[in-house]
Amino acid sequence: MAGVSLQAISKSFGDNTILKGIDVQAHSREFMVIVGPSGCGKSTLLRIIAGLETPDGGDVIIDGERKNDTDPSKREVAMVFQNYALYPTMTVYENLAFSQRIRKRSKDEIDKRVMESAEMLKIDELLDRKPKELSGGQRQRVALGRALVRKPKVFLFDEPLSNLDAKLRQEMRLEIKKLHTQLNNTMIYVTHDQTEAMTMADRICLMNNGIIEQIGTPEELYNKPANTFVSTFIGMPPINLIDGEVCTENGSAFFMSDGMRINLEKIKNIELLKDLDKHVIMGIRPENLHDNYFAEIKDPENTIKCTVDLVENLGSVALVHSHSGNTHLSASLTTGKTIHPGDSLDLIVDVNSLHFFHQETKERIKL
Amino acid sequence: MSKKIETLFIFSFLVLFTLATLYPALNIIGISLRTDDAFQSRSLALWTSESSFRSYVTLFLKTDFLTWMKNSFLVSFVVTLTGVVLASTSGYALSRFNFMGRRAVLSSLLMTQMFPATMLLLPFFILLAKLKLINSYLGLIIIYSSTALPFCIWQMKGYYDTIPDALEEAARIDGCSRFSAFTKVILPVSAPALVITALFSFMASWSEYVVAAIVLQDPGLYTLPLGLKSFQASLSTQWGLYAAGAVVVSIPVMILFISLSRFLVSGLTVGSVKG
C-alpha cells in the first residue's frame with residue numbers, strides 16, 4: 001500500500017495565501033484525518049493530492065513517486081466528495097461501473113467489482129435506481145461505492161458526512177472506519193468536525209490559517225495540545241482557558257487568577273513552571289472539573305467556589321456554565337443532583353490534568 | 001368568490017390568446033384546401049364543398065417544392081450541427097476556464113445581439129461578395145451560424161454554470177481526461193440546453209427569408225422561404241399553393257419540437273449533488 005507525502009506545499013488564490021508550506025506524511029495503511037476550521041486550507045490540500053489543484057510550490061509524493069504533474073485520472077487515488085457528485089443521468093450500477101468502463105475492463109470483471117462493493121455497502125438493492133431516487137444516506141453510500149470499485153492506492157474523503165443528519169453521520173462514521181479495517185488502505189479524510197477526527201483517525205493533522213498546528217494521535221492532541229488553538233479545537237465541550245499568574249508562597253507554587261487559587265505542588269516537574277515568566281494561560285477541560293458534592297476525596301485547596309449561570313443537560317452529563325469572580329468555567333458533571341442557574345457550586349480541579357501555555361506565544365509549556 | 005373571478009379572468013385571457021394563435025394557423029390550412037378564388041372568404045370552415053387537395057398535389061408535382069425542401073434541410077442541418085458543436089464546446093470553455101479576454105469575449109458576443117439583422121445585410125453582402133460566396137450555401141450557412149451562435153453560446157454557458165464542478169472532477173478522478181469528462185458526464189446532463197440550442201439554430205435557418213434573398217439568386221438553390229415567395233408574382237399570387245407550402249413547411253418544425261420536447265425537462269442534475 002501507498003503512503004502520501006506532502007513536502008513544503010504552498011498555494012495561493014490571487015492575493016489570498018491558502019497553504020503556507022505544508023509538510024505532512026500519511027503513512028501506508030494509515031487513516032489520517034486533516035481537521036481544521038472553515039477556510040484553513042484542508043480541502044485545498046486534499047484537492048492538491050487528488051490533482052484537482054496544482055500547488056504553487058512543493059512536492060506531492062504518492063507511493064514514493066512525485067505526482068505533481070500527473071493527471072488526476074492517473075494518480076490511482078479515489079475521492080469521495082462532500083456533495084456526493086454522483087452522475088445524475090446514470091443508474092447506481094452505471095455510477096459504480098463508470099471508472100471501470102473508462103479503463104475498458106471486461107464486463108465480467110466490472111460486474112464482479114460492482115457487486116462486491118455494492119454488497120459491502122449494502123446498496124445491492126439500489127443498483128437500478130437513479131441518484132434522484134435515493135436518500136441522502138444512500139447517495140453517500142453510492143459515492144463511497146464508486147471509490148471502492150476503483151481499488152485505489154489512496155482513498156481521499158472531502159467532508160463526506162457533513163450533509164447527513166447526526167444519527168446517519170454516526171452510522172457512516174463507523175462504516176467508514178470498518179471499511180478501513182477491512183481494506184487496510186491509506187485513507188486521508190478531511191473534516192471540520194473534531195468528533196469525526198477523534199473517533200476515526202489513526203493520526204490527526206490539525207490545520208489553521210494555512211499551516212499545520214499539530215500532527216499526532218488523537219490522544220496526543222487531546223492530552224498534549226501544542227498550543228491554545230489545538231487545545232480549544234480538540235475536545236468537546238471546549239477547554240477552559242484562564243489567564244493568570246504562577247506565584248510562589250512558602251516554597252509552594254500556586255496558580256492565581258480572579259476568583260481562583262490552585263495549588264500546583266502535585267504536578268510533576270513543577271519546578272519548570274516556577275522558572276518561567278509567571279504570566280501563563282492555564283487550560284482545564286470541563287471533564288476534569290468535578291462536583292465537590294460527589295467527590296470521594298475532597299481537595300479543599302483546589303476547590304473553586306462558583307455560581308451557576310446556565311445548565312445544558314446532555315443526558316448522562318450536564319454541561320454547567322458557571323463563574324468564579326470574572327473567570328468563566330464550563331464543567332461537565334454527572335447528573336446526580338439537579339443544578340439550577342444561581343446555585344453555588346464547589347468544583348474540584350484535577351490538578352494533574354491541567355495544561356499550561358505561554359501567554360505571549362500561546363505555545364504549550366512542557367512539564 | 002374573488003378566487004373564482006380571478007380564475008375566470010385568467011381563463012378568458014388564455015382562451016383569447018389561444019384563439020388569436022390558432023386563427024391564422026386554421027385560416028392558412030383552410031386557404032390551402034380551397035380554390036384560389038376563395039382567398040377572400042370569411043368563412044372559418046376548414047372543409048367546404050369547394051375544398052380539395054389540389055394545391056398540395058400541384059405543390060409537390062408541378063413546382064420545385066421538393067428541391068427547395070431538400071436545400072432547406074441541407075442548410076438547416078449544417079447550421080444546427082455547427083451551432084450545437086460550437087456552442088456546446090465554446091460555452092463550456094467560457095463557463096469553466098478563466099482565461100485572458102474571457103469577459104471581453106462574453107460581452108462582445110452579447111453586443112452582436114444588439115444590432116437588428118437588417119442592419120447587417122449590407123456588410124454581410126459585401127463580405128460574402130469579397131469571399132465569392134454569393135449564391136452558395138456555404139455563405140448562407142456562415143451567416144446563419146454566426147447570427148445564431150452568440151445566443152446559443154450564452155445559453156449553453158448559462159446552463160453549464162448551473163452544473164457543479166464536482167461532477168467533472170469526480171469523472172476526472174474516475175479516469176476521464178478533461179475532454180472525456182465533458183463528453184461522457186457534462187454533455188448528457190446538458191441535454192435540455194443542447195435541445196434549445198439545436199431548435200434555435202434550426203429555426204434560425206429553416207424559416208429565414210431576408211438573408212437568403214440576398215445570398216441566393218439562382219432559383220435552383222432556393223430554400224423554402226424563397227421558394228414560397230416565388231409563388232407571389234407582381235400581378236397574381238397563387239394563394240392556394242402559397243398556403244399549402246406554408247403548411248408543409250411548418251410540419252418538420254412541429255415534428256422536431258414534439259420529438260425533442262421530452263428532453264426539455266428541468267432538474268436533470270437532481271440527486272447528483274446535495275441540493
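Start where the two chains meet: select the 21 residues of chain B that are in contact with 28 residues of chain A, contact meaning heavy atoms within 4.5 Å. Before you click further, note that this is a predicted model, in which local features need pLDDT of at least 70, side-chain atom pairs count only at pLDDT 80 or more, and totals for chains, interfaces and linings use all residues. Residues are numbered from 1 along each chain as its sequence is written, chains are lettered from A and ligands numbered from 1 in the order in which they are written, and side-chain values use heavy atoms, with hydrogens and water left out.

The size of an interface is often given as the accessible area lost when the parts come together. Here, the area buried between chain B and chain A is about 2200 Å², with carbon and sulfur atoms giving 62% of that. Buried area is the accessible area (1.4 Å probe) that two parts lose on being put together, summed over both.

Next, pick A:Arg150 and B:Asp174. They form a salt bridge, and their closest N and O atoms are 3.7 Å apart. The rule (a side-chain nitrogen of Lys or Arg within 4 Å of a carboxyl oxygen of Asp or Glu) finds 3 salt bridges across the interface of chain B and chain A.

Which helices of chain B each supply at least two residues to the side that touches chain A? Select H7 (165–173) and H8 (178–189) of chain B. H7(B) gives the most, with 7 residues. Helices (H or I, at least four residues) and strands (E, at least two) are DSSP runs, numbered from the N terminus. Colour that side of chain B by residue type and you get 12 nonpolar, 4 polar and 5 charged; Ala, Val, Leu, Ile, Met, Phe, Trp, Tyr, Cys and Pro count as nonpolar, Asp, Glu, Lys and Arg as charged, and the others, Gly among them, as polar.

Now show all of chain B as a cartoon: it has 12 helices and 0 strands. Its C-alpha trace spans about 70 × 70 × 35 Å along its principal axes.

Over to chain A, where 5 strands form an open antiparallel sheet in the order E15-E19-E16-E17-E18. Two strands pair if DSSP finds at least two bridges between them. E15 (289–291) and E18 (327–334) of chain A stand at the edges with a single partner strand each, so one side of each has no neighbour in the sheet. Zoom in on E17 (residues 317–324) of chain A, which pairs with E18(A) in the antiparallel sense over 8 bridges. A:His323 has A:His328 in E18(A) as its bridge partner.

For another set of strands, select E1 (residues 4–13) and E4 (residues 57–62) of chain A, which run antiparallel and are joined by 5 bridges. A:Leu6 stands opposite A:Val60 in E4(A). Follow E4(A) onward to E5(A): the two form a hairpin with 2 residues between them, and A:Asp63 in the turn has a positive phi of about 55°.

Most residues other than glycine have a negative phi, and most peptide bonds are trans. A cis peptide bond joins A:Met236 and A:Pro237, with omega about 0°; look for A:Pro237 in the loop between H8 (228–233) and E11 (240–249) of chain A. Finish at A:Lys362, not a glycine, yet with a positive phi of about 65°, in the segment after strand E20 (355–358) of chain A.
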